[in-house]
Amino acid sequence: MTSIRTLIDKAGWPRIIIGLLLLSLFLAAPAVGVRIDQSLTDTIVRFGMNGVLVLGMIPMVQTGCGLNFGLPLGIIAGLLGATLSIEFGLTGAAGFFGAVGLALPFAVLLGWGYGLLLNRVKGDEMMIATYVGFSSVSFMCMMWMLLPYHSPTMVWGYGGTGLRTTISLEGFWLHILDDFLAIRIGQNFKFPTGMILFFALMAFIMWAFFHTKTGTAMTAVGSNPDYARASGVNVDRMRTISVVMSTVYGAIGILVYQQSFGFVQLYNGPFFMALPAVAAILIGGASVNKANITNAVIGTVLFQGILTMTPSVINSAIQSDLSEVVRIIVSDGMIVYALTRSTRKSR
Amino acid sequence: MTSKTFRQSLSRFWVANAVPVMFVVLIAFAIPLSGFSANYLVGEVITRLGRDSFLVLSLLIPIMAGMGLNFGMVLGAMAGQIGIILVTNWGMTGVGGLCVAMAVGTPLAILLGWAAGVVLNHAKGREMVTSLILGYFINGVYQLVVLYIMGKIIPISNSAIVLSRGYGIRNAIDLKTMRQSLDRLIPLKIDGIQIPVATFIVIALLCLFIWWFGKTKLGHDMRAVGQDMKVAEEAGIKVERTRIIAIIISTVLACYGQIIFLQNIGTLNTYNSHDQTATFAVAALLIGGASVARASIPNVFIGVILFHTMFVVSPTAGKQLMGSAMIGEYFRVFVSYGVIALSIVLYAWKRVKEREQSRSSLRGDQDQ
């Protein structure tokens, strides 16, 4: 009995409830005629699509900057990389890695400025991050219309200026990671090896970085800023590095997402993309000031699993599409829950 | 007055009013570009004063209680919309219908406001972000109720508002007889401009209420809580209860505000009408010169006038300047978010500075 209780304490109620919900959805799937192999494929693909974005939450949480609601800033850097790569006509692997390369300078620059801003507003990071995200997305809405892009695949046909709201990656780098060494079993199961390997690589880089001297110092800043300062760590510098890292992961994350999804979504596309990533890491057991790679992996599997399974299973069972409502309630409910947990440490 | 104190007071004026002054300049440029006549602009601004002031006023009391900008006011807006949907279903019309909608919305708004207050008491120090996400969360619950439960569990007999599948509410509901019923209750036209006299009277009454409320014992308690929760607690004020009351009042007012807003617009977009309610109300208040910690009734009206003038002129000004009306539309959205970002950054910055100052004043050798 006590061991069950410690297990529950360790995993936390939200994770157990969501885990059980996911399990029951998978158990119910055959009964309502949903194919398990298809559902598994979808879950794995969606895990790969969102995984890197969720990893991007870790550095900022670890240095005490809170949940990165400003993820859209990194996404914008990624979008700039993607559109530039298409503009230069890069295709295949060169297109994807070109996009990553072109996105990096923007991500570092934007992340650096964003980090300096957050250093001046300690204690209010999350609210400000949210609105930095919103205002940069709406600023870029104007820019997508004004920037001098020429590629006919991206520019509106009739006006000749301004980018389309969605740009197809067909013929550029669609499924470039998904199809790399992909394993197919039967008609309905496909394992996107390349994308999962890429996620593993990004997770390994994050893990390795947090075991360097700088990485350890960053964790110290998050758990006790005064102690870190006393032992000679430059708190502001560590925070800035973490924000840059989060932004870079956001930029790369959206590119991974797009190559699998097949479209680049501009304009209002990135507006609410932070919330699913934030929710995923929280469901994985992270808190406002503590997160690790295991949290990101478990959280993304659980959250994306729920998002994949609810439409197929519930729709087949009761013939109505509840998926959008379930997504909103699960993700935002989880975030509100996490924000109300007491974290008095920061004062 | 010496020149030094004059310069000091000038800089103080600038610091306190930078945002409204910037907007006046911006609008002064945009109005000639848009080419609208003065008559048209005045008419638009008067309409929008009637439409939006009530919603913006609902933000004042939580600020007084030190809880910042209540993005959770959308909870009240949703309660108001449920009231409107039910009233339309019952076939009620005119101002009477609006009153019943408010009566139905009130208990819902009280319940939601109480829940929000309890949640925010668990998130002291980050009320704003919590209230923002709470708004998204309750939006999910609202959609669940309106899209699946209405027509299935809550009986909806009016087939004009139900989706063709038999349950769930349609995207748009035409508020035929309720449309501008309050605005036109006391008809008055000056120079071709319709003046919503009755709406203005309601808004004036609300201003009176807020002014009076600030003078009551509860109002004083709220200010004390807003100043310093610890001191207030020691002075025997029930801090958590006071904060919950502040949020309940704000939510109920937002419910009424949304009903007034909708009767002016004349259509309820069931799933979108409340999306931008909080953003636009907060942006208007901040443009009026309010901050996260201080807001007054004049801020509300200055803000609504400036914000909505910009809102009206920016698409056409954008078309003239950049050759595309979309740019102007994106611009006004950017301004709404940008001004909120700027205000909360400035406020947080000030708070960090104050904290540093109070820390350095504890050190021995200070020369101030």
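A residue is taken as buried if 20 or more other C-beta atoms lie within 10 Å of its own, with C-beta atoms placed from the backbone. By this criterion, buried residues make up 51% of the 347 residues in chain A of the structure, which is a predicted model. Chain A contains 14 helices and four strands, and its radius of gyration of 20 Å is close to the 20 Å that the globule rule gives for 347 residues, so the chain is as compact as a globular protein of that length. The C-alpha trace of chain A spans about 60 × 55 × 35 Å along its principal axes. Of the contacts in chain A with a separation of 6 or more, 75% are accounted for by residues 24 or more positions apart.

Two packed helices are described by the angle between their axes and the distance between the axes. In chain A, helix α12 (residues 274–283) and helix α14 (residues 323–340) pack with their axes 9 Å apart and at an angle of about 60°, which makes α12(A) oblique to α14(A). The crossing of these two helices, α12(A) and α14(A), is left-handed. On the side of α12(A), the residues that take part are A:L275, A:P276, A:V278, A:A279, A:L282 and A:I283, and these meet A:V330, A:S331, A:D332, A:M334, A:I335 and A:A338 in α14(A). Classified by residue type, the contact of α12(A) with α14(A) comprises ten nonpolar residues, one polar residue and one charged residue.

A helix pair was also examined in chain B, where the axes of helix α4 (residues 73–89) and helix α11 (residues 277–287) come within 9 Å and cross at roughly 125°. The helices α4(B) and α11(B) are therefore oblique to each other, and α4(B) passes α11(B) in a right-handed crossing. The contact is formed by B:M73, B:V74 and B:A77 in α4(B), which meet B:T277, B:A278 and B:A281 in α11(B); by class, the contact of α4(B) with α11(B) has five nonpolar residues, one polar residue and no charged residues.

The contact between the chains takes 35 residues from chain B and 29 residues from chain A. On the side of chain B that touches chain A, the elements that give two or more residues are α6 (127–149) and α13 (325–360) of chain B. By class, this side of chain B has 27 nonpolar, seven polar and one charged residues.

Methods:
Residues are numbered from 1 along each chain as its sequence is written. Chains are lettered from A and ligands numbered from 1 in the order in which they are written. This is a predicted model: local features need pLDDT of at least 70, side-chain atom pairs count only at pLDDT 80 or more; totals for chains, interfaces and linings use all residues. The radius of gyration is taken over C-alpha atoms; the globule rule is 2.2 Å times the number of residues to the power 0.38. A residue is buried if 20 or more other C-beta atoms lie within 10 Å of its own, exposed if 12 or fewer, and partly exposed in between; C-beta atoms are placed from the backbone. Two residues are in contact if their C-beta atoms, placed from the backbone, lie within 7 Å. Axes are lines fitted to C-alpha atoms, for helices over the stretch in contact, and angles run from 0 to 180 degrees between N-to-C directions. Angles under 35 degrees count as roughly parallel, over 145 as roughly antiparallel, 65 to 115 as roughly perpendicular and the rest as oblique. A crossing is left-handed if the near helix is turned anticlockwise from the far one by less than a right angle, and right-handed if clockwise. Ala, Val, Leu, Ile, Met, Phe, Trp, Tyr, Cys and Pro count as nonpolar, Asp, Glu, Lys and Arg as charged, and the others, Gly among them, as polar.
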